[in-house]
Amino acid sequence: MSSDPRSKSNVVLPGGLLAILGGGQLGRMTAMAARTMGYRVRVMDPERVCPASFVVDETIVGRWDDVEAAKRLATGADAVTLEIEQIGVDALSQVGQIAPLRPGVEPIRIIQDKTLQKAWLAKTGIPVGPFRVVREKSELLDVVPALGGRVFLKIGRGGYDGRGQARIGVDAPATPESISQAWESIGSRPAVAEAALDLDFEISVMAARNPSGEVRTFPAARNHHENQILAWSVLPAGIPQELEARAESLAAEIVEKMGIEGLLCVEMFVTRQGELLVNELAPRPHNSYHQSERGCVTSQFEQAVRTACNLPLGDTALISPAAIVNLLGEVWIDKTPNFAAALAVPGVRLHLYEKHTPRAGRKMGHLSSTGATAEEALERVLDAKCRL
Ligand SMILES: Nc1ncnc2c1ncn2[C@@H]1O[C@H](COP(=O)(O)OP(=O)(O)OP(=O)(O)O)[C@@H](O)[C@H]1O
Ligand SMILES: [Mg+2]
């Protein structure tokens, strides 16, 4: 074990200290997988009491751009990984000087800004829908008609779960007023304007690449969003084999070309015209693969640990169809959820993130289930959620 970043290709064995930038639910579940394998875990988060804080050895309090806190996180760590891409580039660079940072600084710099990310995808020849990077309101006024009048506007930095997004011309025809209003609603900041696509369905593919260069993809997951937030996800996606192969090879191509050492989730659209287009990238565990804990030989969280520690990647084969449904803060509003009733559904398990203040749209936990088929797994989690 060494914290010398030159020993980058070295394997970090159990007993080593894994550091994670971010202590939300993704950091928590990664930490739990790491602990199962005998690692010690330290996280950094703006909140002392965060979902990961209950399961780790140490929580360092620091904002995402806090260079000093990030250095403290990295000091003595055998490897550093992340669960959120919004970490300041200065903080990341400093971390990388102290301990192996996986994935590296450059992929995170590109992915954390949707304007850079979309431009990178297009330049690399990855299929994406029509889009334009917009820096001024006046540009947007020209871009909306050029993109066909129906547009998703997304801020470059800091958007998630549909926050930092505005729809233009989707619910009613676009006007100069509605375009101005959309620009202001996202804070008048550099953004990506995308043509609103006619979606048939949405899938994602989780890819992993370890520092030794080994690459593996998970089977594609099928995702359903409500109000731009993931509602449920199921494995397998139940798509034609040819599309499955294309989606997995696209994810493998991106993880290699970006030189990622870690996980990369590729969110994709399948349009009614039959095109397969990349929506966006996430260099970390992803909500659409929580069911990999139930359905795959290796979960996404264990795979995250394996990539960060440069261990051989785990088998991603499906052992059973599996689904998850998210539990947002709404489930708690005005009532105590009836967990016993939900857990009476065969195959269902409960995962709560120990967030103590429910808010509308806040991801508080999820329900998972296996089933004989993807449909059955999904029916079970949806039934369980209704019973709450
Ligand atoms: N160009 C588009 N055309 C049609 N639907 C879209 C488009 N862009 C986004 N959406 C819808 O909005 C959802 C959220 O968009 P996106 O993933 O870009 O935003 P986000 O805020 O980063 O979300 P998350 O953090 O949940 O991944 C998509 O999964 C899709 O359902
Ligand atoms: Mg998304």
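Colleague: Which residues does I254 touch, not counting residues up to four places away in sequence?

Modeller: With contact meaning heavy atoms within 4.5 Å, I254 touches W120, L121, I126, L264, V266, V278 and L281 once residues up to four places away in sequence are set aside. This is a predicted model, in which local features need pLDDT of at least 70 and side-chain atom pairs count only at pLDDT 80 or more, whereas totals for chains, interfaces and linings use all residues. Residues are numbered from 1 along each chain as its sequence is written, chains are lettered from A and ligands numbered from 1 in the order in which they are written, and side-chain values use heavy atoms, with hydrogens and water left out.

Colleague: Which residues touch the most other members of the largest nonpolar core?

Modeller: A nonpolar core is a set of buried Ala, Val, Leu, Ile, Met, Phe, Trp, Tyr and Cys residues joined through side-chain atoms within 4.5 Å, where buried means under 20% relative accessible area, with a 1.4 Å probe and protein chains only. The largest one here has 42 residues, and I203, I254, M268, V278 and L281 touch the most other members. Among the elements that each supply at least two residues of this core are α8 (241-257), β13 and β14; helices (H or I, at least four residues) and strands (E, at least two) are DSSP runs, numbered from the N terminus.

Colleague: Which residues coordinate the magnesium ion (ligand 2)?

Modeller: Donors are N, O and S atoms within 2.8 Å of the metal (3.2 Å for Na, K and Ca), and water is not among the atoms, so sites may look incomplete. The ion is coordinated by two OE entries of E267 and one OE of E280, at 2.0 to 2.8 Å. This pair links distant parts of the chain, since E267 lies in strand β13 (residues 262-271) and E280 in strand β14 (residues 276-282), 13 residues apart. E267 counts as buried because its relative accessibility is 13%.

Colleague: In what order do the four strands of the open sheet stand?

Modeller: Strands of a sheet pair through backbone hydrogen bonds, either parallel or antiparallel. Two strands pair if DSSP finds at least two bridges between them, and here the order is β5-β8-β6-β7, with antiparallel pairing. β5 (131-134) and β7 (165-168) stand at the edges, each with a single partner strand, so one side of each is left without a neighbour in the sheet. Four bridges join β6 (residues 151-155) to β7, and L153 stands opposite A166 in β7.

Terms used
Buried means under 20% relative accessible area, exposed over 50%, partly exposed in between (1.4 Å probe, protein chains only).
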